[in-house]
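Subject: Handover of a structure, with notes

Hello,

Here is the structure I promised to pass on. Please open it first, then read the notes below.

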Amino acid sequence: MTNKFTPHSLSFCVLNSCAAATEHKINGDSLFELSLDQLININVRTITSHKQVVSL
Amino acid sequence: MIQISVITPRYKRCILFVAKTIDLCSSSLFYLIFLTILLFSSITAQAQEKNYSEPKIKTALIYNLLHFIDWPSNDLLICIYDPSEDYVSSFNAIPSSTKSGNALNIKFLNVSGDPSTQNDCHIIFISNEINTENLRDILSNAKNNRSVTIGETKQFIKQGGMINFIRRDVNIKFEINASAFEQANLKISSQVLRIADRVYTDSSYE
């Protein structure tokens, strides 16, 4: 069966890759890799999010 | 009239073709708009991820700051007194080694426990949930063991603490007690002193 690249499948892929990218962002762009300058300029989250970020 | 009746089927085909084209275009346009919205929502989501909780930022600051201190030993132990759940999860995510490859361990301490458990700690983080009396005892013990003390209370530096986190609007800054570092015979990089929100010496206490 050929893999048809339909607008629907595209939107589905975009949705999935976005989710994966977001996870990667949390895990990959780790706070531990940032410099002191960057860390003291990060905005503190003031509103508690319903989504729990599992790692830095 | 005759002419019209003759060419009507052609018109019909033409109208059908135009209608199909419009339908195709509108559905393509719909998906294009849909994808644009998805992309924008993704960008917004990533931007929101840039905001981290105070414990996460402070933990990362502690991890970063330890690299600017000359330690008498290679392997380091960070101790945390009475941490909240947020601090436990933040410190559990800390890398198991320093940037130079030395082992980095974490130990959670209870203020009601044996005070000697903090003796082998290189860094002691004291959260703002610790009361003044306990803070004084912890700082006193830390002084004898040349541990670097880090806190997050208003009076922390005045009480002899070495590094204190303070909130400035939406950011976390830190202040340094340079005298306490000198007294403990520990050297902290001048880079940190430059970035610090305030550097205290014996004469600068108010």
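Two strands count as paired if DSSP finds at least two bridges between them. Please also keep in mind that this is a predicted model.

**The sheet**

By that rule, seven strands of chain B form an open sheet. Their order is E3-E2-E4-E5-E6-E7-E9, and the pairing is mixed. Strand E3 (104-109) and strand E9 (198-200) of chain B are the edge strands, each pairing on one side only. From one strand to the next, the twist averages 20°.

Some pairs in detail:

- Strand E2 (residues 76-81) of chain B runs parallel to E3(B), with six bridges. Here Ile80(B) stands opposite Phe108(B) of E3(B).
- E6(B) and E7(B) are antiparallel, also over six bridges. Arg168(B) has Asn171(B) in E7(B) as its bridge partner.
- E7(B) and E9(B) are parallel and joined by three bridges. Glu175(B) has Arg198(B) in E9(B) as its bridge partner.

As background, strands of a sheet pair through backbone hydrogen bonds, either parallel or antiparallel.

**The helices on the sheet**

Which strands does H2(B) lie across? They are E2, strand E4 (123-126), strand E5 (148-151), strand E6 (163-168) and strand E7 (171-177) of chain B. H2(B) runs at about 40° to E7(B). Helix H4 (residues 132-145) of chain B lies across E2, E4 and E5 of chain B. Its angle to E4(B) is about 170°.

Is it enclosed or open? Eleven of its twelve residues are buried, so H2(B) is largely enclosed by the rest of the structure. The buried residues include Lys56(B), Lys58(B) and Asn64(B), as well as Leu61(B) and Ile62(B).

**The core**

The largest nonpolar core has 41 residues. Which of them touch the most other members? They are Leu61(B), Ile62(B), Ile80(B), Ile123(B), Ile124(B), Phe125(B) and Ile150(B). H2(B) gives the largest share of this core, six residues. In general, nonpolar side chains tend to be buried together in soluble globular proteins.

Ile80(B) is worth a click. Leaving aside neighbours within four places in sequence, Ile80(B) is in contact with Tyr87(B), Phe91(B), Phe108(B), Leu109(B) and Phe125(B).

Most residues other than glycine have a negative phi.

- Asp82(B) has a phi near 40°. It lies in the loop between E2 and helix H3 (85-92) of chain B. Asp82(B) counts as partly exposed because it has 17 C-beta neighbours inside 10 Å.
- Asp169(B) has a phi near 55°. It sits in the turn of the hairpin that E6(B) and E7(B) form, with two residues between those strands. Asp169(B) counts as exposed because it has 7 C-beta neighbours inside 10 Å.

- His67(B) is in the loop between helix H2 (54-65) and strand E1 (69-70) of chain B. His67(B) and Lys99(B) are 32 residues apart along the chain, yet their C-alpha atoms are separated by 7.7 Å. With 13 C-beta neighbours inside 10 Å, His67(B) counts as partly exposed.
- Ala184(B) is in the loop between helix H5 (178-183) and strand E8 (187-188) of chain B. Ala184(B) and Arg146(B) are 38 residues apart in sequence, and 5.2 Å apart from C-alpha to C-alpha. With 18 C-beta neighbours inside 10 Å, Ala184(B) counts as partly exposed.

**A caution on chain A**

Chain A has a mean pLDDT of 57, and 29% of its residues reach 70 or more. Over residues 1-28 of chain A, the pLDDT is below 50. That stretch has 20 contacts in the model beyond near neighbours in sequence. Where pLDDT is low, the predicted coordinates should not be read in detail.

Best wishes

Key. Residues numbered from 1 in each chain as written. Chains lettered and ligands numbered in written order. Predicted model: local features only at pLDDT ≥ 70, side-chain atom pairs only at ≥ 80, totals over all residues. Helix = DSSP H or I, 4+ residues; strand = E, 2+ residues; numbered from the N terminus. Buried ≥ 20, exposed ≤ 12 C-beta atoms within 10 Å, placed from the backbone. Axes fitted to C-alpha atoms, helices over the stretch in contact; angles between N-to-C directions. Contact = placed C-beta atoms within 7 Å. Core = buried A, V, L, I, M, F, W, Y, C linked by C-beta atoms within 7 Å. pLDDT = per-residue confidence, 0-100.
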